[in-house]
Amino acid sequence: MIVRNDEYYIQLKREFKAIFKQIKLAERIVIFRHESPDFDALGTQMGLYEYIKKWWPEKEVHYVGDNSKTYMPRIFPYSEILDESFYTKPYLAIVVDVGDTKRISMKNFKNATCIIKIDHHPEVERFANISCVHPEMCAASELTCLLLESMGGRRYPLNKEAARYFYIGIVGDSGRFMYPEVSSMSMRLAADLLDTGINKEEIYHQMYLTSQDEFNMKKHILTSYKITQGGTCYYIVNDEQLKQFNLEVSDTKVGIELFRNLEGIKAIVTITQDISKNEYRVSLRSNQKPVNKVASMYNGGGHVFAAGCRLKSLEQLPGLLKAVDELNEVDANATDF
């Protein structure tokens, strides 16, 4: 897959070799991902798990993290819960799709002989022995898939079970290949995954099947959203409404796609009350505004056009919306591999 010899690809291949070597050497492996998982976090985690178990069935491999009723068990299996005794012996820790340790679900690096980080978010914390961080990739699944194709070659080709999960991750974090970060590399890798024989129609049906609760939430959002004079669309979902619609905090992002291509909308902000942490979780999206700059003002971060942060009170919301309104638009063209 990697055929260019420029400095970028030389460094990328160096990282890939180091990671693949550790995977082949390890006897015990734990794959971690971020809390409140999405398609990409789970797709990367489970794709990597299925790939390793396919080619090295003798290895002890585990996938851990908080469970999500949105995705489990309809699309992904429930995560494992490891007894503390497991961590008393050496193992390889692989962390996917998360930029900092505070967001790693069920983190436990006790006796980890090596920590590997595979991520497509901008680097905010260096905690791994081997870091493979490339924000130019549209998904962690894309990066991991490229790694395995490049290193596995004909001896360890991508298997159908792993390909299904990686495809879900790429589709989910690319907005079905419509987001700015999608490149020709994204499309080539997706084609390779399809060539393994996975059923894309079945996958799309599973991914985008809408429950009655989600549909009712969308109806609520469509009757409660507001638009600032600067063209920022936003909506607020409180804890009472989450309970009413039987949804989790992360589920309220379903409304983003309702406004992404609406004329006159320059940015989208979702605000969801997280009563368990006494705060409001904020997601910011735009096709051309660098919303990560605003997220960083509120101790958050993320991609240029897709970011997140948290507010302690709704009193902070007017300031955040004003900052989004004042952002200048930038070139949204992604790097083409």
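Predicted model: local features only at pLDDT ≥ 70, side-chain atom pairs only at ≥ 80, totals over all residues.
**Ground rules.** Residues are numbered from 1 along each chain as its sequence is written, and side-chain values use heavy atoms, with hydrogens and water left out. I took helices (H or I, at least four residues) and strands (E, at least two) as DSSP runs, numbered from the N terminus.

**Entry 1, H2 against H4.** I looked up helix H2 (residues 39-55) and helix H4 (residues 160-173), which pack at an angle of about 160° with their axes 7 Å apart. Axes are lines fitted to C-alpha atoms, for helices over the stretch in contact, and angles run from 0 to 180 degrees between N-to-C directions. The angle makes H2 roughly antiparallel to H4; the classes are roughly parallel under 35 degrees, roughly antiparallel over 145, roughly perpendicular from 65 to 115, and oblique for the rest. I then listed the contact (heavy atoms within 4.5 Å). On the H2 side the residues include Phe39, Met46 and Glu50, and on the H4 side they include Ala162, Phe166 and Ile168. By class, I found 8 nonpolar, 5 polar and 4 charged residues in the contact of H2 with H4. Here Ala, Val, Leu, Ile, Met, Phe, Trp, Tyr, Cys and Pro count as nonpolar, Asp, Glu, Lys and Arg as charged, and the others, Gly among them, as polar.

Asp40, Gly43, Thr44, Leu48 and Tyr51 of H2 meet Ala140, Ser141, Thr144, Leu148 and Gly152 of H3. That contact divides into 4 nonpolar, 5 polar and 1 charged.

I traced an open sheet of 5 strands with parallel pairing, in the order S2-S1-S3-S4-S5. Pairing requires that DSSP finds at least two bridges between two strands. S2 (60-63) and S5 (130-133) are the edge strands, each pairing on one side only. The twist from one strand to the next averages 15°. S3 (residues 91-96) and S4 (residues 112-119) share 6 bridges in the parallel sense, and Tyr91 stands opposite Ala112 in S4. Helix H1 (residues 7-25) packs on the sheet and touches S1 (28-33), S3, S4 and S5, with its direction at about 130° to that of S5. H3 touches S4 and S5, and its direction makes about 115° with that of S4.

S8 (residues 267-274) runs antiparallel to S9, joined by 7 bridges, with Ile271 opposite Val282. S8 and S9 form a hairpin with 4 residues between them, and Asn278 in the turn has a positive phi of about 55°. S11 (residues 306-311) is joined to S9 by 6 bridges, also antiparallel; Arg310 is the bridge partner of Arg281.

Ala128 lies in the loop between S4 and S5. Leaving aside neighbours within four places in sequence, I found Ala128 in contact with Ile115, Ile116 and Lys117. Ala128 and Ile94 are 34 residues apart in sequence and 9.0 Å apart in space, C-alpha to C-alpha.
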